[in-house]
Amino acid sequence: MVDKIPTLQLSSGFQIPVIGFGTYARKTEVGTCQQAVEWALDAGYRHIDTASCYGNEQEIGEAIENKIGQGTVKREDLFITTKLWNDKHAEKDVIPALKESLERLKLDYVDLYLIHWPVSISATGQDEGIDYTETWRGMEKAVELGLARSIGVSNFNEQQLGRLLEYAEIKPAVNQFEINPTFTAVDWVNYCKEKSVLPVAYTPLGLISEARPEFKGKDVIKTDPKLGEIAKKYGKSRAQIALRYLIQRGIPVLPKSFTKSRIEENLKLFDFELEDKEMDVVAGYNINHRCIPGLIYKNCKNFPF
């Protein structure tokens with residue numbers, strides 16, 4: 001067990017751990033996610049990030065139930081995030097969708113509920129053009145009913161977030177989007193912080209991720225000797241340096257892995273601190289390359305990128 005993970009305060013008043021366990025996978029065998037989440041909870045993670053579209057809420061619910069039953073964790077120590085999918089953006093559909101997620105997760109509430117994308121599509125993939133302000137009314141109802149402690153968004157651009165902030169009675173606490181050394185998103189991050197909306201990084205390793213073989217040959221992070229020297233200095237991996245870089249920018253990170261050793265390694269980020277010049281080295285890998293471009297939605301009314 002590592003030392004207790006630091007937290008940051010959300011505008012909702014609740015605390016979010018600065019590192020969470022991401023659970024998205026393109027395809028895994030049944031039980032793989034449950035095992036990974038149990039390893040993560042054993043290692044010390046307390047924030048678990050999922051989404052209805054990941055198809056793994058049931059396994060995560062089993063893992064949480066097991067670890068609570070074993071006395072490894074208490075519910076009040078956990079921070080569980082899930083997300084509303086694009087085909088449930090009508091106000092009337094938000095609460096039923098959240099209740100279905102809660103049933104799969106075996107929980108009475110989630111700590112954070114996010115609109116996964118600003119786009120709204122039908123179950124058959126057609127753009128419905130539902131305004132995300134309508135969706136937000138349903139999200140606010142989730143807080144009023146005690147089904148979500150905090151609410152927020154994911155993949156919203158500056159214009160969309162600004163418009164939502166003007167509309168919302170309960171302000172979004174989080175904007176979760178891709179941030180990493182090859183997509184530093186400095187202006188986007190700064191805008192969120194200026195508006196008291198915490199940016200949270202998914203795909204925090206960017207092109208450093210071994211899970212992205214299609215980028216072989218493009219990823220200088222894996223081979224650049226400067227990053228290797230920094231990693232060697234601290235006795236850390238390149239991935240740990242990349243994660244530490246984001247945490248020092250005040251950005252919670254959501255690394256994912258289904259390998260026990262890497263799950264444990266990704267958590268060991270709090271016994272060192274990068275110097276300013278080392279932060280500059282990592283920032284220098286930015287090439288504005290988005291690993292998750294969401295191009296499947298590029299023709300939708302509210303496509304953010």
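In what order do the strands of the open sheet run, and is their pairing parallel or antiparallel? Keep that in mind as you look at the model, which is predicted.

Here is the answer. The open sheet has 7 strands, in the order β3-β4-β5-β6-β7-β8-β9. The pairing is parallel. Now look at the edges. β3, residues 21-22, stands at one of them, and β9, residues 198-202, at the other. Each has a single partner strand, so one side of each has no neighbour in the sheet.

Let's stay with β9. Its pairing with β8, residues 174-178, is parallel and runs over 5 bridges. Find Gln176 on your screen. Its bridge partner in β9 is Val200.

Next, the backbone. Most residues other than glycine have a negative phi. Two residues here go the other way. Ala185 is not a glycine, yet its phi is positive, about 50 degrees. Ala185 sits in the loop between β8 and α6, the helix of residues 186-194. Thr203 also has a positive phi, near 45 degrees. Its loop lies between β9 and α7, residues 225-234.

Are these two buried or exposed? Ala185 has a relative accessible area of 12%, so it is buried, since the cut-off is under 20%. Thr203, at 18%, counts as buried too.

Now the rings. The structure holds 9 aromatic pairs. Take Trp117 and Phe305, an edge-to-face pair. Their centres are 5.7 Å apart, with 65 degrees between the planes. This pair links distant parts of the chain, 188 residues apart. Trp117 is in the loop between β6 and α4, while Phe305 is in the segment after α10. Trp117 is buried, at 7% relative accessibility. Phe305 is partly exposed, at 31%.

A second pair is Tyr234 with Phe272. This one is tilted: 5.1 Å centre to centre, 40 degrees between the planes. Tyr234 belongs to helix α7, and Phe272 to the loop between α9 and α10, 38 residues apart. Both Tyr234 and Phe272 are buried.

Last, charges over rings. Arg290 lies over the face of Phe305, 3.7 Å from the ring centre. Elsewhere, Arg75 lies over the face of Tyr109, at 4.1 Å from the ring centre.

Key: Residues are numbered from 1 along each chain as its sequence is written. This is a predicted model: local features need pLDDT of at least 70, side-chain atom pairs count only at pLDDT 80 or more; totals for chains, interfaces and linings use all residues. Side-chain values use heavy atoms; hydrogens and water are left out. Two strands pair if DSSP finds at least two bridges between them. Helices (H or I, at least four residues) and strands (E, at least two) are DSSP runs, numbered from the N terminus. Buried means under 20% relative accessible area, exposed over 50%, partly exposed in between (1.4 Å probe, protein chains only). Rings of Phe, Tyr and Trp (its six-membered ring) pair if their centres lie within 6.5 Å; planes under 30 degrees apart count as stacked, over 60 as edge-to-face and the rest as tilted. A charge sits over a ring if NZ of Lys or CZ of Arg is within 6 Å of the ring centre and within 35 degrees of the ring normal.
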